[in-house]
Each structure stands twice: as structure tokens, then as C-alpha cells.
Amino acid sequence: MSKRITQDMAYRQSLMQYAGKYGVSRAGRKYNRSRSYICFWKTRWDGTVQSLACPSRRPHSHPNQHTEAELKLIRDMRRRNPELGMVELWHRLRKRGYTRRPESLFRVMRKLGLFPQAEKKPVYKPKPYEQMTYPGQRVPVDVKVVPRRCIADQELRLFQYTAIDEFTRLRFLGAYPEQSTYSSADFLKKLVKWYARRKIRVECVQIDNGFKFTNRFSNSKRDLPALFEQTAALPGTRHKLIRPYTSRHNGKVERSHREDQKRFYSCHNFYSLDDFAKQLAVHNRRSINFPMRPLHWLSPAEFAVQYV
């Protein structure tokens, strides 16, 4: 029997407790239930909520169920041919007088436990997270699509490029009308200069495997470096690709996007690319001066000053 407590079971438990305290008649008036209903469950109740579960209504037998001869035939055939596929096993059974459909054979074999046990997948144990030790050691970069409800012109598309220094949490945001390898390369140039003005040298830029950053999963341009990768090699900035389909490796920038959604995009509208860029710059100045718990309740701007 399932150990799950349903809403009906909790209701009957309350009814039984009330009936035991005030009597069946008063419980029937309060819960709008007949005396026979209360007495029926009262005879089953042993003080536990599990005793108030509805018993299974599944029939114990069926006129068209497999006979013992058929079950013996299936067991013997499976024992002699443990690696045989379902269709071929059914085909061989038919030659020996088995008249059921393959679906019936599958159900009865599953009920008898004749399928091999699936091997348990090893539990994934993530590697210990590598903490950064100085500013600019690694800067994850990602793109957030601006929600359409924030854009007045429904034909306009806006994208927020985000770079965040993992050590200081100092963010740099960029506004673009498209997410492309050209926009990514232009944003890379700007973020290197932006951090350099704050005396932070960007050593590594961490990106996902999107086509806006790399041709890693492209069928025709796999061996051709994208414009972003070419730009990253010019100033000596190393770029690092995260594991495919593992967005948690860019967790800091993804978390910052959630905060942007809550504090910025939920209450702002944009009428053009220039308007979006101006409002985004104001939001970025506010965010880098906002205290954060990982920084011991200092803002990223205050925390970065201690190390540059």
C-alpha cells in the first residue's frame, strides 16, 4: 500500500477524531455525512491515517487472463533465450501455440519480472567549485533576451550582454539589437576596456557553446574560429567554453539575469535601442553599488577597490 497521504485520507482522519470526541451524530451534522458512512470508516480506523485509504478495486482475476500453461510457456522460453528481443520472442511463442498480442506479452512479462534489471546510472558528483583568488581571473559572459512585453515597438528585438567578474561580482552590461558573433566580439572589446579603466585585467572569458560565441557545434564551420574567438585571441584574453547543456557552470551570470528580471525588466519599458542602452547603464550603476552577502555586505564597487 502506498504511504502517500491523500486529501481524502486527511479528511477522514479529521472526521474520525471528531466522531470519537463528540459522537457519530454530531460528526454527521458537522461534516454533512451519513451515519453509515462514518460507521463504515470507524470500523476500519485503527488510529492511523493509513487505515483510512481506499482499498484497491483492481480485480483479482479476469476471464481472459493468461492461463498457467501460457505462463509456463513464456517462462520456459525466456529462460532458454534470455537475450532474445520482444518481437522475436513473441514470434517463437506463436509457433508453439501462443495466440496473444505482443502488448499482452509485454504486460505479463513485466508483471512476472522477466525483464532484465536496468543498470543504475552512477550518481553525478560535481567537482568542487574553483574559487577565484583575484579580480579578472575569470569573467563569465552570457546573453539575456529582453522580454517582448518590455518593448514598445513589437518589431524591435533587444538583447542584454552581461559580463561579471567572479571574484568581485563587478558587472558590465551591453545593449544590442541582435545576438550575433559580431555583437559578441564588439562586447568583448568594450568589456576589456571597461575593466581596464578600473585597473582589472581580464585574463579569461568564460562562455557557453552558443553560435554567437563559437562554431564548436556547427556542421559546416566547426574548424573555422568565430569572430568572438578571433577577437579574444588578439589582446591575449583566453576564452573558456563551459560543458555543453550545463548552464550552472555560468551560475553567477545566470543568477544576475534573474535579479535583472525582478528588479529591472518587470517594471521598465523601452522605446528604442538608445533608450534601452541609457536605462541599462543606470541599472548597471545601481547594481554594482548594491550590497551583496557573498561580499560581506559590501557592494561590488566597494569590494573591488580593496584589490586594485
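Colleague: Which residues does leucine 191 touch, not counting residues up to four places away in sequence?
Modeller: This is a predicted model. Contact here takes heavy atoms within 4.5 Å. With residues up to four places away in sequence left out, leucine 191 touches Val141, Ala163, Phe172 and Val202.

Colleague: In the largest nonpolar core, which residues touch the most other members?
Modeller: That core has 23 residues. Leu191 is one of the residues that touch the most other members.

Colleague: Are H2 and H3 roughly parallel or roughly perpendicular?
Modeller: The axes of helix H2 (residues 24-31) and helix H3 (residues 35-44) come within 9 Å. They cross at roughly 115 degrees. Angles of 65 to 115 degrees count as roughly perpendicular. So H2 and H3 are roughly perpendicular.

Colleague: How many residues of the contact of H2 with H3 are charged?
Modeller: From H2 come Val24, Ser25, Ala27 and Gly28; they meet Arg35, Ile38, Cys39 and Lys42 in H3. Four of the contact residues are nonpolar and two are polar. The charged ones number two.

Colleague: Is the crossing of H9 and H10 left-handed or right-handed?
Modeller: The axes of helix H9 (residues 251-265) and helix H10 (residues 273-288) come within 12 Å and cross at roughly 110 degrees. The two helices are therefore roughly perpendicular. Their crossing is right-handed.

Colleague: Which residues in H10 does H9 meet?
Modeller: H9 brings Asp260, Phe264 and Tyr265 to this contact. By class, the contact has four nonpolar, two polar and one charged residues. The partners in H10 are Phe276, Gln279, Leu280 and His283.

Colleague: Is glutamine 261 exposed, partly exposed or buried?
Modeller: Glutamine 261 lies in helix H9. Beyond residues up to four places away in sequence, glutamine 261 touches Lys144, Pro147, Arg149 and Ser266. Its relative accessible area is 26%. Buried means under 20% and exposed over 50%, with partly exposed in between. So glutamine 261 is partly exposed.

Colleague: How far apart in space are glutamine 261 and glutamate 88, C-alpha to C-alpha?
Modeller: In sequence, glutamine 261 and glutamate 88 are 173 residues apart. In space, C-alpha to C-alpha, the separation is 56 Å.

Colleague: Is arginine 169 buried or exposed?
Modeller: Arginine 169 sits in the loop between S2 and S3. Its phi is positive, about 65 degrees, although it is not a glycine. Its relative accessible area is 18%, and the cut-off for buried is under 20%. So arginine 169 is buried.

Colleague: What is the relative accessible area of tryptophan 297?
Modeller: Most residues other than glycine have a negative phi. Tryptophan 297 has a positive phi, near 65 degrees. It lies in the loop between H10 and helix H11 (300-305). Tryptophan 297 is exposed, with a relative accessible area of 60%.

Definitions and conventions
Residues numbered from 1 in each chain as written. Predicted model: local features only at pLDDT ≥ 70, side-chain atom pairs only at ≥ 80, totals over all residues. Heavy atoms only, no water. Axes fitted to C-alpha atoms, helices over the stretch in contact; angles between N-to-C directions. Helix = DSSP H or I, 4+ residues; strand = E, 2+ residues; numbered from the N terminus. Parallel < 35°, antiparallel > 145°, perpendicular 65-115°, else oblique. Nonpolar A, V, L, I, M, F, W, Y, C, P; charged D, E, K, R; others polar. Core = buried A, V, L, I, M, F, W, Y, C linked by side-chain atoms within 4.5 Å. Buried < 20%, exposed > 50% of the residue type's maximum accessible area, 1.4 Å probe, protein only. Left-handed = near helix turned anticlockwise from the far one by under 90°.
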